[in-house]
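I opened my notebook to work through this structure entry by entry. Each entry says what I looked up and what I found.

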2 protein chains.
Amino acid sequence: MIKTARRKSIGSQRNPETRIAVLQAARDIMANGGIAKFSIEAVAREARAGKPTIYKWWNGKAGLLLDLHQSTAPEIEATNTGSLREDIAGFLVNLIDHWHSDDAGDIFRAVIAEAQVDQKSRTAFGDYIAGRRAVLSGMVDAAVSRGEISGGADIDVLCDILSGLALQRLLSGRDLSVKEAGAIADVVIDGIVGQSNGASL
Amino acid sequence: MIKTARRKSIGSQRNPETRIAVLQAARDIMANGGIAKFSIEAVAREARAGKPTIYKWWNGKAGLLLDLHQSTAPEIEATNTGSLREDIAGFLVNLIDHWHSDDAGDIFRAVIAEAQVDQKSRTAFGDYIAGRRAVLSGMVDAAVSRGEISGGADIDVLCDILSGLALQRLLSGRDLSVKEAGAIADVVIDGIVGQSNGASL
C-alpha cells in the first residue's frame with residue numbers, strides 16, 4: 001500500500017511513511033535475496049524513494065541495516081531474577097536465541113559484513129555496540145541494590161566481554177547452551193580465580 | 001618467478017610450489033583490490049593454477065584466506081611474564097597490534113565477511129577460533145605451575161571471552177589500550193566481584 005502511495009516531501013523532517021516504505025523494502029530485499037542483493041539502489045527502487053533521501057536519513061548501508069535490525073524485533077530487555085548470574089546467563093541466551101529466530105541474525109550478520117568493507121559503516125556498528133551497555137548496566141545496578149555485589153564493577157568491560165562473546169557465536173555460527181552461558185557468567189562474576197577456588201560451584 | 005614456472009601435478013600430495021604460488025596470488029589480490037576483488041577465480045588466474053586445484057586443497061574462500069592470514073605473520077605466542085594478568089593483557093594488546101599492522105587485520109576481516117555469506121566458510125572460521133585455545137591454555141597452565149592460581153579454570157570460556165573481545169574490536173575498528181587490556185584481565189581473573197571488593201586494585 002505504502003509503496004504505491006505518492007508521498008510528499010516534508011523538508012527537514014523525515015516523512016514517517018517514507019521511513020516505513022524504506023524499511024519494508026529493505027526487509028523484503030534481505031528476505032528474498034540476502035546481503036548479496038542488498039544495495040541502497042535496490043532499496044530506493046523497491047521503496048520508490050530517491051537514493052539521496054536514503055543517504056540523507058540513514059548512515060549508508062550499515063545504518064539502514066541497523067535501523068532494520070532494531071525495527072525487526074524487540075530489543076533484549078534486562079531481566080531481574082534476583083541473581084546476577086541468572087540475569088547475565090539469561091541475557092546471553094536470549095540474545096543468541098533472538099539472532100537465531102526471525103531475520104535478526106541474518107540482518108546483523110549483514111551489518112557486520114558491510115562494516116568490514118566501509119569505514120563509515122564500521123563506525124556506525126561500533127556506536128551501536130557501545131549503546132547496548134544500558135541493559136547490562138541496569139542488571140549490575142540491580143545486583144548492587146540487592147547487596148549481591150558492592151559497587152565499582154567496570155560496566156564497560158563487562159559489556160565488551162558479553163557483546164564480544166555473543167558476536168563470536170553469531171559470526172562463527174556456534175550455538176550457546178544454557179550451561180555455557182552459566183559458565184561465562186561465573187567467570188565474569190567470580191573470575192577464574194573464583195572458579196579454581198570452587199567459589200562458584 | 002614461481003608464477004611463470006610450469007608446475008607438475010604430484011597427485012594426492014599438494015605441490016609446495018603450487019601452495020606458494022596460490023598464497024602469493026591471494027596476497028597480491030588482497031593488497032591491490034581487497035576483498036571486493038578477491039575470488040577463487042581471480043586467485044586461480046593470477047597463480048596460473050586450476051580452480052579445481054584450489055578447491056581441492058583449500059576449504060573455499062575463507063579457508064584460503066585463513067591460510068594466507070597464518071602465513072602472513074607469525075602467530076601470537078604465549079608470554080610468560082610471571083603474572084597471569086600481564087600475560088593476558090599482553091596477549092590482547094599483541095593480537096590487536098598484529099591486526100593493525102601488515103595486512104593481517106584486513107585479511108581476517110575478509111575471512112569474517114566471507115563467513116557471513118557462506119556456511120562452509122563459517123565452519124572453517126569457527127574451527128580456527130577453537131584451535132586458538134592452545135596459547136591461552138599454556139598461559140593458564142604456567143600460572144597454575146607458579147601457584148598463582150589453583151587448577152580448574154574453564155579454559156574454553158576464557159578463550160571464548162578473550163577471542164570474542166578481540167574480534168569485537170577488530171570488527172568495529174576500535175583500538176585497545178594497555179589500560180583497557182589490563183581491566184579486561186582483571187575481570188577474567190578476579191571477576192566483577194573481585195573488582196568491587198577492590199581485590200584487583
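**Entry 1: ground rules.** I began with accessibility: buried means under 20% relative accessible area, exposed means over 50%, and partly exposed is in between (1.4 Å probe, protein chains only). By that rule Glu180(B) is partly exposed, because its relative accessibility is 28%. I noted that this is a predicted model, where local features need pLDDT of at least 70, side-chain atom pairs count only at pLDDT 80 or more, and totals for chains, interfaces and linings use all residues. Residues are numbered from 1 along each chain as its sequence is written, chains are lettered from A and ligands numbered from 1 in the order in which they are written, and side-chain values use heavy atoms, with hydrogens and water left out.

**Entry 2: the fold of chain A.** I looked up helices (H or I, at least four residues) and strands (E, at least two), which are DSSP runs numbered from the N terminus. Chain A has 10 helices and 0 strands. Of its 201 residues, 52% count as buried. I then checked contacts, meaning heavy atoms within 4.5 Å. I took the contacts in chain A between residues at least 6 apart in sequence, and 63% of them join residues at least 24 apart.

**Entry 3: a loop residue.** I picked Ala36(A), which sits in the loop between helix 1 (16-33) and helix 2 (40-47) of chain A. Is Ala36(A) buried or exposed? Ala36(A) is exposed, because its relative accessible area is 74%.

**Entry 4: where the chains meet.** I counted 46 residues of chain A in contact with 46 residues of chain B. The two chains bury about 3,700 Å² between them, 64% of it on carbon and sulfur atoms. Buried area here is the accessible area (1.4 Å probe) that two parts lose on being put together, summed over both. Gln168(A), Leu171(A) and Ile192(A) supply 17% of the area that chain A buries against chain B, more than any other three residues.

I also looked at one residue on the other side. Ser172(B) is in helix 9 (residues 155-172) of chain B. It counts as buried because its relative accessibility is 7%. Leaving out residues up to four places away in sequence, Ser172(B) touches Arg122(A), Phe125(A) and Gly126(A).

**Entry 5: charged pairs across the interface.** A salt bridge is a side-chain nitrogen of Lys or Arg within 4 Å of a carboxyl oxygen of Asp or Glu. How many salt bridges are there between chain A and chain B? There are 4. In one of them, Arg169(A) pairs with Asp160(B), with the closest N and O atoms 2.2 Å apart. Next I asked which elements of chain A touch chain B. Those giving two or more residues are helix 6 (104-117), helix 7 (119-131), helix 9 (155-172) and helix 10 (178-196) of chain A. Helix 9 of chain A gives the most, with 13 residues.

**Entry 6: salt bridges within a chain.** Glu114(A) pairs with Lys61(A), the closest N and O atoms being 3.2 Å apart. Glu114(A) lies in helix 6 and Lys61(A) in helix 4 (residues 60-72) of chain A, so this pair ties together parts that are 53 residues apart in sequence. Glu114(A) counts as buried at 11% relative accessibility, whereas Lys61(A) is partly exposed at 21%.

In chain B, Arg169(B) and Glu180(B) meet in a salt bridge (3.3 Å, N to O). Arg169(B) is in helix 9 and Glu180(B) in helix 10 (residues 178-196) of chain B, 11 residues apart. Arg169(B) counts as buried, at 2% relative accessibility. Salt bridges that share partners join Asp160(A), Arg169(B), Arg174(B) and Glu180(B) into one network.

**Entry 7: aromatic rings.** Rings of Phe, Tyr and Trp (its six-membered ring) pair if their centres lie within 6.5 Å; planes under 30 degrees apart count as stacked, over 60 as edge-to-face and the rest as tilted. This rule gives 6 aromatic pairs over all chains. Phe108(A) and Tyr128(A) form a tilted pair, 5.7 Å centre to centre with 55° between the planes. Both are buried. In chain B, the ring centres of Trp99(B) and Phe108(B) are 5.1 Å apart and their planes are at 20°, so this pair is stacked. Finally, Trp99(A), Phe108(A), Phe125(A) and Tyr128(A) form one aromatic cluster.
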